[in-house]
Every structure is written in structure tokens, then in C-alpha cells.
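Subject: Structure handover and notes

Hello,

Here is the structure we spoke about, for you to open alongside this message. My notes on what was found in it follow below.

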Amino acid sequence: MFLDPAVDPRDSDAPPGGERSTLVEYLRYQRLTLQLKCEGLDAEQLARRAVEPSTMSLLGLLRHLADVERCWFRRRFAGQDVPNRYQSAAEPDGDFDGAVADRAVVDEAWAAWRDEVAFAERFAAETDLDFVGHDGGVRTLRELLVHMIEEYARHNGHADLLRERIDGRIGE
């Protein structure tokens, strides 16, 4: 049930090339890991909850991480005045609560996540690692990239367990 290394899209032939490329590559790897954990599943499987009373699901994680990408890269670092995609004051857990077994919800979540990742990748490529974001504290782009690697790695651990429960698939 492990992914065949010959078809693993996370493997890169890029040699280590300094701090930026290392951070960007580790984040790319974690993002692709989440994508792989969700691949090949239908809407019902993606929306399947972990265990009562948790609302965590693979679809919820995808939606959550789209909001995390948006909040950090667009709002706190690029200074864009954009709302969260799924969370609000009225629905603080909208990313997970709204993760329902509907093909349109799944398609929208994938589109949102890909859009936010694309923006973040462009921002990280074009911005100095010492750039300080607008989050009320002193956090550089370098620190944000490390934080995002940690955020994805933590949630990929959740995704491992969710995927194994769905169809027995294990591994990275």
C-alpha cells in the first residue's frame, strides 16, 4: 500500500541549492504529501470523519490548509484584504464543518487549495526571506516557510491516520 518510488511526484532531482530552495522544496514535499493522501478517493471518502466527536476529515484538512495558506501569505504577508475562505466569526470551524460529501464541495476545495498554494509559491519566490509580515509580530518569510512546513507535517500525520482508516493505505 506504499507509494511506488518510481512514480512518487515528490522526488526531485534538484540538488540542494541554499536556504531558499531548501525551505521551498521541503514545503513542496509536504504539500504534495497531502495531495497524495487525498488522491483516488471519492467525495464520501474525503468527507469521512475521523471519530466522534471530531469533525476532522481529509476534505476538512484540505479546506483548512487552503485557509491557512490564504491567511498567512495573502493577508499577513502580502497585505491583501481578503476574507477567509471557510472560517468566519459565525462558523469558526467552517473549514471542517462544511466538508461534506458533495462533488461540488470537493472540486471547490481543490481549486481553492491550488489557488492559494500557487499564490504562496509566487510570493515566496519573489520576496526576500527577511521580509517581515503584517501579523502584529515580527515574523520573517523565512520563519513563515518553516512554520508552513511544520503545519503541513503535523496535518499530514492526521491525514495518514484518516487515509489508513478509509482504505488501509499507509506510508508517506
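Two residues are said to be in contact when they have heavy atoms within 4.5 Å of each other. On that basis, and leaving aside neighbours within four places in sequence, leucine 59 is in contact with Leu46, Ala47, Ala99, Val100, Val105, Val106 and Ala109. Please keep in mind that this is a predicted model.

Overall layout

The chain has 6 helices and 0 strands. Read from the N terminus, its elements run α-α-α-α-α-α. Of its 172 residues, 44% are buried. Among contacts between residues at least 6 apart in sequence, 70% join residues at least 24 apart. The accessible surface of the chain is about 8800 Å², and carbon and sulfur atoms account for 54% of that surface.

In soluble globular proteins, nonpolar side chains tend to be buried together. The largest nonpolar core here has 43 residues, and the members that touch the most others are Leu58, Leu59, Phe73 and Trp113. At least two residues of this core come from each of helix H1 (19-38), helix H2 (43-47), helix H3 (58-77), helix H5 (103-126) and helix H6 (141-167). The biggest contribution is from H5, with 11 residues.

Helix packing

Two packed helices are described by the angle between their axes and the distance between the axes. For H1 and H3, the angle is about 155° and the axes are 10 Å apart. Angles over 145 degrees count as roughly antiparallel, so H1 and H3 are roughly antiparallel to each other. The crossing of H1 past H3 is left-handed. On the H1 side the contact is made by Arg31, Leu34, Lys37 and Cys38, and on the H3 side by Leu58, Leu62, Leu65, Glu69 and Phe73.

H5 and H6 pack at an angle of about 150°, with 12 Å between their axes. H5 also passes H6 in a left-handed crossing. Here Trp113, Val117, Phe123 and Ala124 of H5 meet Leu141, Leu145 and Tyr152 of H6.

Is glutamate 116 buried or exposed? Glutamate 116 is in helix H5, and its relative accessibility is 0%, so it counts as buried. Not counting residues up to four places away in sequence, glutamate 116 touches Ala66, Glu69, Arg70, Arg74 and Arg85.

Glutamine 30 lies in helix H1. Its relative accessibility is 14%; buried means under 20%, so glutamine 30 counts as buried. With neighbours within four places in sequence left aside, the contacts of glutamine 30 are Ile149, Tyr152, Ala153 and Asn156.

Aspartate 102 sits in the loop between helix H4 (94-97) and H5. With a relative accessible area of 35%, aspartate 102 is partly exposed. The C-alpha atoms of aspartate 102 and alanine 47 are separated by 8.4 Å, and these residues are 55 apart along the chain.

Regards

Definitions and conventions:
Residues are numbered from 1 along each chain as its sequence is written. This is a predicted model: local features need pLDDT of at least 70, side-chain atom pairs count only at pLDDT 80 or more; totals for chains, interfaces and linings use all residues. Side-chain values use heavy atoms; hydrogens and water are left out. A nonpolar core is a set of buried Ala, Val, Leu, Ile, Met, Phe, Trp, Tyr and Cys residues joined through side-chain atoms within 4.5 Å. Buried means under 20% relative accessible area, exposed over 50%, partly exposed in between (1.4 Å probe, protein chains only). Helices (H or I, at least four residues) and strands (E, at least two) are DSSP runs, numbered from the N terminus. Accessible areas come from the Shrake-Rupley method with a 1.4 Å probe; for residues, only the protein chains shown count as cover. Axes are lines fitted to C-alpha atoms, for helices over the stretch in contact, and angles run from 0 to 180 degrees between N-to-C directions. Angles under 35 degrees count as roughly parallel, over 145 as roughly antiparallel, 65 to 115 as roughly perpendicular and the rest as oblique. A crossing is left-handed if the near helix is turned anticlockwise from the far one by less than a right angle, and right-handed if clockwise.
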